[in-house]
Each structure stands twice: as structure tokens, then as C-alpha cells.
Amino acid sequence: MSALMAKALVALVAVAAVAELAAAKNHTIQWSASGNYGDWSDSNAVSVGDTVVFTFTYGPPHTVDELASEADYKACSFAGKLSSDDGGSTAVTFDKAGTRYFACAAGSHCAQGQKVAITVSDGGASSPAAGLFATLALGLGVGGALLAAF
């Protein structure tokens with residue numbers, strides 16, 4: 001292998017490693033009526049681009065309903081829900097920062113604590129595209145520094 005090819009390979013590996021570090025994360029919530037999700041966001045950092053998967057512990061009749069407001073969340077009011085899924089595994093990918101509210105509409109599950117407010121941070125980037133450009137710039141900088149070292 002020529003020295004030039006070795007340098008190119010090292011640079012490519014550096015770029016791939018930096019991109020992997022900045023990749024979106026997947027989070028899982030085991031969704032059950034006996035769950036207490038009040039502090040979930042405190043111990044699980046969610047950023048724009050991340051996905052949260054609600055996995056139903058016991059399957060239907062559980063639902064994952066997105067509620068329109070904090071008031072609906074606190075009152076367990078489903079009248080203005082934004083979406084509802086009862087498929088047993090619900091994935092939500094977050095495209096902007098803010099707080100979103102989810103709850104189970106089955107019986108009294110929401111009142112028993114089967115609800116979660118998920119706070120999403122922007123991850124330091126103003127948009128997913130900005131995050132991608134920052135990651136590419138960092139990767140190219142690392143790769144360039146490694147090439148210069150050879």
C-alpha cells in the first residue's frame with residue numbers, strides 16, 4: 001500500500017469515527033401502566049434527531065398518544081391528542097427542540113403514571129443540517145490534522 005493510500009485511509013477512518021460520535025441516538029421506554037415516567041427526561045438526554053421507541057410491556061390495550069399541551073398532559077385529557085398508536089412498538093423521531101407530551105389513553109393508565117414529558121434539546125445545532133455540517137467540518141479537520149502528521 002502506498003503512503004498516499006495509507007494517509008487517505010487514516011483520514012477516512014477519522015471522518016467516520018467523528019460522524020459516528022455525532023450520530024442520533026435511540027432511546028427505549030418500556031411502556032406499562034405500572035411505570036413511573038415523571039423524571040424520565042432528567043435521566044435521558046434527548047436531542048434533535050434522536051428517536052424514542054415506546055415498547056409495550058403487555059401489548060394492547062396500551063396506546064401512545066401525543067398530547068397537545070402540558071395542560072392536557074397534567075389533566076390526562078386526550079380530547080385534542082395529536083396522534084395515537086396502539087401497535088405495540090411506537091417510534092418517535094424528534095425534529096425540533098422543545099417538550100412533547102405522551103400518555104396512555106387506556107382506562108386510568110395515564111392517571112396511574114403512564115405518561116411522559118420528553119424534553120428535546122437542540123444538541124448545540126440550530127438544525128439537523130447544521131449539525132451535519134459541523135460534524136463534517138470536525139471530521140475533515142481531524143482527518144486533515146492526521147494527514148499533516150504523516
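Mentor: Happy to! A nonpolar core here is a set of buried Ala, Val, Leu, Ile, Met, Phe, Trp, Tyr and Cys residues joined through side-chain atoms within 4.5 Å. Keep in mind that this is a predicted model.

Trainee: Which residues have the most contacts inside the largest nonpolar core?

Mentor: That core has 17 residues. Strand 1 (26-31), strand 3 (51-56) and strand 8 (115-121) are the elements that give two or more residues to it. Apart from it lies another core, of 6 residues, Tyr73 and Phe78 among them. In the largest core, the residues with the most contacts are Ile29, Trp31, Phe54, Val116 and Ile118.

Trainee: Why does Val116 count as buried?

Mentor: Val116 is found in strand 8. Beyond its neighbours within four places in sequence, Val116 is in contact with residues including Ile29, Trp31, Phe54 and Phe102. Buried means under 20% relative accessible area. Val116 therefore counts as buried, with a relative accessibility of 0%.

Trainee: How far is the C-alpha atom of Val116 from that of Trp31?

Mentor: Along the chain, the two are 85 residues apart.

Trainee: Which residue in strand 6 stands opposite Phe54?

Mentor: Let's begin with the open sheet, where 3 strands run in the order 1-3-6 with mixed pairing. Its edge strands are strand 1 and strand 6 (89-93). Strand 3 and strand 6 pair in the antiparallel sense over 5 bridges. Phe54 touches Ser89, Thr90 and Val92, among others, and the residue opposite Phe54 is Thr90.

Technical notes. Residues numbered from 1 in each chain as written. Predicted model: local features only at pLDDT ≥ 70, side-chain atom pairs only at ≥ 80, totals over all residues. Heavy atoms only, no water. Buried < 20%, exposed > 50% of the residue type's maximum accessible area, 1.4 Å probe, protein only. Helix = DSSP H or I, 4+ residues; strand = E, 2+ residues; numbered from the N terminus. Contact = heavy atoms within 4.5 Å. Pairing = 2+ DSSP bridges.
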